[in-house]
Structures are given as structure tokens and as C-alpha cells.
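Here is a short report on the pockets, the cavity and some of the strands of one protein. Look at the model first, then read on.

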Amino acid sequence: MIDQPYIYRHRELVEPDWRRLPGWAAVTPQEWASAQWQRAHCVKNIRQLRQVLGAGLSERFYADLERDQAEQATMSMLVPPQMINTMAPLLAADAPDFTDAFYADPVRRYMIPVFSDRRAEWPSHPEASRDSLHEAEMWAVEGLTHRYPTKVLAEVLPTCPQYCGHCTRMDLVGNPTPLIDKHKFGLPREDRLGAMITYLRQTPGVRDVVVSGGDVANLPWPRLEAFVSDLIDVASVRDIRLATKALMGLPQYWLTDEVRAGMERLAAKAAGRDVSIAIHTHVNSAQSVTPLVASAARAMLDTGIRDVRNQGVLLRGTNDSSEALLDLCFALLDDAKIMPYYFYMCDMIPNSEHWRLSLGEAQRLQHDIMGYLPGFATPRFICDVPYVGKRWVHQVSRYDRELGISYWTKNYRTGVETGDELALERQYEYYDPIYLLPEQGQDWWRARTGQPVAAAS
Ligand code: SF4
């Protein structure tokens, strides 16, 4: 056999045994399979985490978490049992090395961030901001971002069944944290959704609608079905994508009779109108792909929708190696029939520097995964450049590695640039984490932000 950097092996999907965790030792398979039970037992605070994991997780971890929540967190805590169960999946909670395994766990790192995870110097990039993609600036009507010529993003609600520490919509999504007050929609939901449909009826250049939030799994099914049904009726709409991390975080929801039957109705109506419906989910780590997740994806495909695709996020400590990414892609593709589609670079939101990769690292990872997956299932690595949109990481036009600034161009105007003659000439900037730069680059940023520069050695 030829020696290769990555060796493919088909791995059986595994549902970790939740009964290894003291708080769920008596939970039955029927309870575990219930979406209602999962929602009712989500972990929302340290007290509840302690009840589930017990004393096996050391006080050091709980104190670290408490400090993060008080000082650094941009997202409140909300983790479904399904996701907690995939953290340190092979260890009983009273195993001597459980705390170390929990600290190191790839899913824990982004779902339950702790203070010691973050960077002490430069926890945030100076150019980081809330709503770093300026989506709200591009709202055509409240919650409907019209950034690209032919497609829109409909933020139908500001909540999810799970909150990810690195959420790019930290400005809007979830409950406030001590650090971050959340933006609130001004219009009542019915007015907002109605205005979106009206705008789309009046804007025939739009053919593709991403229905997101938040997570569509938190919109009551009848309301989501009615909204998607209205979208199908818009003459110009040809593609509808439903964004739900809950396909992985709460697969029990997508397996309910109500949702399966409703999705079948939507798929049949869409087929009759020549519209494609796809589900876009968000899985970052191979261990998250369990038999339940595979069942939920297959159940959705069985309804007749066109595809289930994955948009992961590149996160240091979670999936920042070609091996971790390929393991994830094969787990998605082989048994869950989920199409690897994108890996985004983590956006420049506050306190995200410890998660973010440099553009150079993302380019290297894209290079290193090529050739192993079928071409149709080889994900593109994406930099979402503010005021530009998604660019493949190798599309950069210029890259200053000393200052960590990459320069990007674009070929369309967003909604905020209708009268801007130079929009297509300009170069738009994206920034690498400063701590990864050579010392001269770090000093340049220190000087620019009024900090003492390091003494020359
Ligand atoms: S599921 Fe998506 S929208 Fe919700 S918190 Fe996670 S990243 Fe944000």
C-alpha cells in the first residue's frame, strides 16, 4: 500500500452511551429519542451542567466556565443532551482523566468555551465587530439580507435549540450575556415574515432564499411550513435552503412525525413548481455524526427534498487539521448522506481570536484535503469578507502575511452600494489573528492600537 498523508477507513457511526453521565444514568432510549425530552433537558447554566456531569468534572473547569460567562462570552449557554453526549464520548464521567478529555474535546471547545481557551493578549482583533458581515445594514426589509444579486438570507427568528460560542450572528441570536446585549427585531414576527414575502414578490431577480435565523428548528413547524410554502409560490424562487444546525444538535426534532409529514408536503409542492428544497446543517466534528444524526438526514432525504448539505466552520482545536476535516467529511458522506459543502473561516466577531485560523492556514487545509473525496463532495473553504461575501480562500487578490491583511475584490454590488461607482474597483480587507503574525507585524498592530511595542531582542 502506498504511504499517504491520510488513510481512509470506513468508520461505523456510534451513539455514545448517555448513561455514563450521572445526570442521565436512568434516561431510557424512548426519552432520549424524544425531541421534547431533549429540549426540556438542555443545559443552560453551570448548575445544570454540574447535575449532568457530576463531580467527575473538576471545580477548575466550572470556575473557568463561570469566569468566561462573566467576562468574555458573546453567546449564552444552551446545549442539548444530544450534543453533550458527544463530548468526551468514550469516557465515564468519573474516569480520572475525564476533566482533561472534556477540556480537550473538539465539540466542547466551541459549545462550552471557558476563559482559559481565549487569548490573553488580543482576545479580539481590533477590527472585530458585532455583525461583522454587516448583514443588518443590508436588510431589504427587517431580517432579509440582500447581499448578492440573485439570493437573499431570511433571518426568520433570533433563537436556536443550541448556542455555539463562535456564532457569527452573536449580535442578534440568543440571550444577552454580561458582555453582549442582543439586537432585537423591531417588527412582530408576522409582519416581518409578511414583509419578506412581499419584497420577494416585488424583486424577481432573486431566485434563491436561505431561510435561517437562528435555526429554523425553533420556528413552530406550522409557521415554517407556511413560510416555505409562500416562498414556493413566489414566481422567481427556484432554490430554498433551510438552515438548521439542529439536524445534528437535535436530530430528534427532524425525526418527529409532524416534521417528516410536513416536509413531505413541502417537497411535493416544490417538485410540482420546479423548486429545489435543501437542508443546510452545521457540523464541525466527526464525533457529532451519530446514528441519530444519520437517521434524521436520511429521513429528510426520504421526504423528497433535493439534498442535505453541511456548512462547517474552521475552528482551532476542533477541526484545524486535514485529518479531522477528512474524517468529518467521510462520516457525513458515507453513512449520513450529508454532502460536505463549505467550511467557513470563523468570522471576526469579538473574542474569537483563539478559534480563528489565518488565511494561510485555511489555504493549506484546502490544499491538503484535495484528492481524497469525490470532486462533488469536496468542500470549498470560504472566507466571508465584510462587504464582499463568500470568496474561496485562494481567490485572495493580495496577502500581506507580515501584517496579516488580505485584500479581496468583488464582482457585484451589495444593497448598500447602489450608487457607489468604485465598489467593484475597491479592495476589501480581511485580517488574520495578530498573535500568529511575525513579531514585526504584531508590533505594527500594537503601535496602531496605542499599546506598548515589544522590546527589540
Ligand atoms: S446554530 Fe447557527 S445561528 Fe445558532 S448559535 Fe449556532 S452558529 Fe449561531
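## Sorting residues by class

Ala, Val, Leu, Ile, Met, Phe, Trp, Tyr, Cys and Pro count as nonpolar. Asp, Glu, Lys and Arg count as charged, and the others, Gly among them, count as polar. The model described here is predicted.

Apply these classes to the second largest pocket. Its lining divides into nine nonpolar, two polar and six charged residues. The lining has 17 residues, and E12, V14, A286, Q287 and V289 lie nearest the centre of this pocket. The space inside is about 370 Å³.

## The largest pocket

The largest pocket holds about 1,000 Å³ of space. It is lined by 44 residues, and T168, R169, S212, Q311 and Y344 are the closest to its centre. By class, the lining has 20 nonpolar, 13 polar and eleven charged residues.

Which strand gives the most to this lining? Strand β8 does, with four residues. Several strands each supply at least two residues, including β3 (151-155), β4 (208-212) and β7 (307-314). Strand β10 is also one of them.

## The ligand

Where does the ligand sit? It sits in the largest pocket. Around the ligand are M75, C160, Q162, Y163, C164, C167, G214, K245 and H282. This shell has five nonpolar, three polar and one charged residues.

## One cavity

A search of the whole structure finds one cavity of 30 Å³ or more. The volume of the largest cavity is about 90 Å³. Its lining is made of D131, E135, A136, W139, E155, T168, R169, D171, L172 and H183. Five of these residues are charged, three are nonpolar and two are polar.

## Strands that pair

Strands of a sheet pair through backbone hydrogen bonds, either parallel or antiparallel. Strands β9 (residues 380-385) and β10 (residues 389-392) run antiparallel and are joined by four bridges. D384 stands opposite K390 in β10. The hairpin has three residues between these strands, and Y387 takes a positive phi near 65°.

Another set of three strands forms an open sheet in the order β11-β12-β13, with antiparallel pairing. Why is one side of β11 (398-400) and of β13 (428-431) left without a neighbour in the sheet? Both stand at the edges, each with a single partner strand, so one side of each has no neighbour there. The twist averages 20° from one strand to the next.

Strand β12 (residues 405-408) pairs with β13 over four bridges, in the antiparallel sense. W408 has Y428 in β13 as its bridge partner.

Methods
Residues are numbered from 1 along each chain as its sequence is written. This is a predicted model: local features need pLDDT of at least 70, side-chain atom pairs count only at pLDDT 80 or more; totals for chains, interfaces and linings use all residues. Side-chain values use heavy atoms; hydrogens and water are left out. On a 1 Å grid over the protein atoms alone, a cavity is a set of points where a 1.4 Å probe fits but cannot get out, and a pocket is an open set with protein on both sides within 12 Å along at least five of seven lines; lining residues have an atom within 4 Å of a point. Grid points are joined across faces, edges and corners, and a volume is the space filled by probe spheres set on the points. A residue is near a molecule or strand if one of its heavy atoms lies within 4 Å of it. A molecule sits in a cavity or pocket if more than half of its atoms lie within 2 Å of its grid points. Two strands pair if DSSP finds at least two bridges between them. Axes are lines fitted to C-alpha atoms, for helices over the stretch in contact, and angles run from 0 to 180 degrees between N-to-C directions.
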